[in-house]
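Hi,

Here is the structure I promised to send over.

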Amino acid sequence: MMRAAAATTMKTTPSSYSYLTARKTMTQNNGTPAITIKNHQMDNINNNRRRRRQRILHIVSEGTGRFIVGGNWKCNGNRESVKALVDALNKNIANIEKNCDIYCCPTFLHLNYVKENLDTRFKVCAQNSWVEADLVDPEHHYDSTTGAFTGEISAEMLEDLQVPFVLLGHSERRTLLGDTDEIVGKKVAHARYHGLSVVVCVGETLEERENGTTFDVIFKQLKAVAKEIDDREHSSWGSSVVIAYEPIWAIGTGKVATPEQVQEVHSKIRSWLAENVSEDVAKATRIQYGGSVNASNCADLAKLSDIDGFLVGGASLNGDDFAAICNASSVHYKAVGR
Ligand code: PEP
């Protein structure tokens with residue numbers, strides 16, 4: 001059972017704390033003035049209260065899935081460096097806890113080499129798969145196996161190569177390569193139809209965070225996926241659809257989101273799934289955080305109840321660092337008592 005929001009423990013801000021008054025005087029119980037508080041001090045007090053309240057409000061649920069860490073190698077590597085990374089990861093395998101699922105996303109060019117040479121504890125994951133954007137398919141399969149799509153790779157090909165995972169909707173594809181919410185939804189449905197597990201990336205820009213539309217953006221991205229795959233043949237959610245929350249402003253910037261920010265978004269994603277897909281799906285879906293995760297900051301984030309793993313870019317190109325991030329799984333299980 002997902003734990004209900006701890007509404008009863010939520011403290012409300014006393015109405016006397018108004019932002020409108022230039023100076024406020026707090027009074028003791030007997031009515032005599034105790035302290036004079038300036039506006040900026042009042043703001044600090046209110047901000048602290050708001051943060052405390054958010055902490056209480058957002059630790060409301062947690063997933064039941066295995067911790068999962070992915071390495072997004074992006075458009076990096078040549079034959080020599082990919083071989084070196086594969087060797088470094090293989091060398092680390094004995095140091096990596098068995099309680100964590102792991103996938104690595106090399107480029108399409110290196111996918112087969114990595115699949116053949118990387119220890120099978122690391123699953124391979126493609127960085128994208130093709131779907132015909134204009135195709136209308138009431139069955140939600142979006143099969144278009146005829147091949148006049150120069151330069152593309154289809155889910156059928158990944159299935160044939162026995163690639164078990166595909167990463168879809170990464171923000172770099174959304175912003176640089178025109179992947180709309182709708183296309184991402186179709187890609188997810190198509191990949192699931194071909195038996196691939198998918199990692200769907202969602203997340204907001206800095207501008208969207210600052211103008212308060214973070215959840216509008218993320219829920220719209222999720223809705224486009226749910227519309228295509230909910231309850232359809234071969235298109236289950238559960239452990240086969242992983243969601244990676246990746247705030248765009250944190251990707252590759254070294255500016256990691258705070259644990260409070262991550263927990264807030266993850267718990268709201270889980271609540272959204274509970275309300276719009278099902279409670280079972282909400283519990284089973286792994287929600288990863290991605291954005292400047294490294295070997296030093298992963299433990300703090302892993303303690304959060306709603307973080308079920310990480311999607312890692314830069315730090316996944318170093319075998320030792322990636323192994324250390326995978327081992328944050330034990331920190332997570334300990335923190336949530338599993
Ligand atoms: C990513 O590209 O998915 C990512 C999270 O990158 P980084 O870890 O480098 O921020």
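Which residues does Tyr289 touch, leaving out those up to four places away in sequence? With contact taken as heavy atoms within 4.5 Å, Tyr289 touches Tyr245, Pro247, Ala250, Val256, Ala257, Val262, His266, Leu301, Ile307, Gly309, Phe310 and Leu311.

Before you go further: this is a predicted model, so local features need pLDDT of at least 70, side-chain atom pairs count only at pLDDT 80 or more, and totals for chains, interfaces and linings use all residues. Residues are numbered from 1 along each chain as its sequence is written, and side-chain values use heavy atoms, with hydrogens and water left out.

On to the cores. A nonpolar core here is a set of buried Ala, Val, Leu, Ile, Met, Phe, Trp, Tyr and Cys residues joined through side-chain atoms within 4.5 Å. Buried means under 20% relative accessible area, exposed means over 50%, and partly exposed is in between (1.4 Å probe, protein chains only). The largest core has 72 residues, and Tyr289 is among those with the most contacts inside it, along with Val69, Trp237, Ile269, Phe310 and Phe322. There is also a second, separate core of eleven residues, including Ile68, Val199, Cys201 and Val242.

Now the ligand. There are 14 residues around it, and Lys74, Glu246, Gly252, Ser292 and Gly313 come nearest (near means a heavy atom within 4 Å). That shell divides into four nonpolar, eight polar and two charged residues; Ala, Val, Leu, Ile, Met, Phe, Trp, Tyr, Cys and Pro count as nonpolar, Asp, Glu, Lys and Arg as charged, and the others, Gly among them, as polar. A side-chain N or O atom of Lys74 sits 2.6 Å from a ligand oxygen. Backbone N or O atoms also lie by ligand oxygens, at 2.7 Å for Ser292 and 2.9 Å for Gly314. Taken alone the ligand exposes 290 Å², and the protein buries 96% of that (Shrake-Rupley method, 1.4 Å probe).

Last, salt bridges, meaning a side-chain nitrogen of Lys or Arg within 4 Å of a carboxyl oxygen of Asp or Glu. The count comes to 14. In the one between Asp179 and Lys187, the closest N and O atoms are 3.1 Å apart; Asp179 is buried at 7% relative accessible area, and Lys187 is buried at 5%. Lys227 pairs with Glu228 at 3.7 Å: Lys227 is exposed at 51%, whereas Glu228 is buried at 2%. Arg270 and Asp308 form another, at 2.6 Å.

Cheers

How values were computed. Polar contact = N/O pair within 3.5 Å; in protein donor to acceptor, adjacent residues only side chain to side chain.
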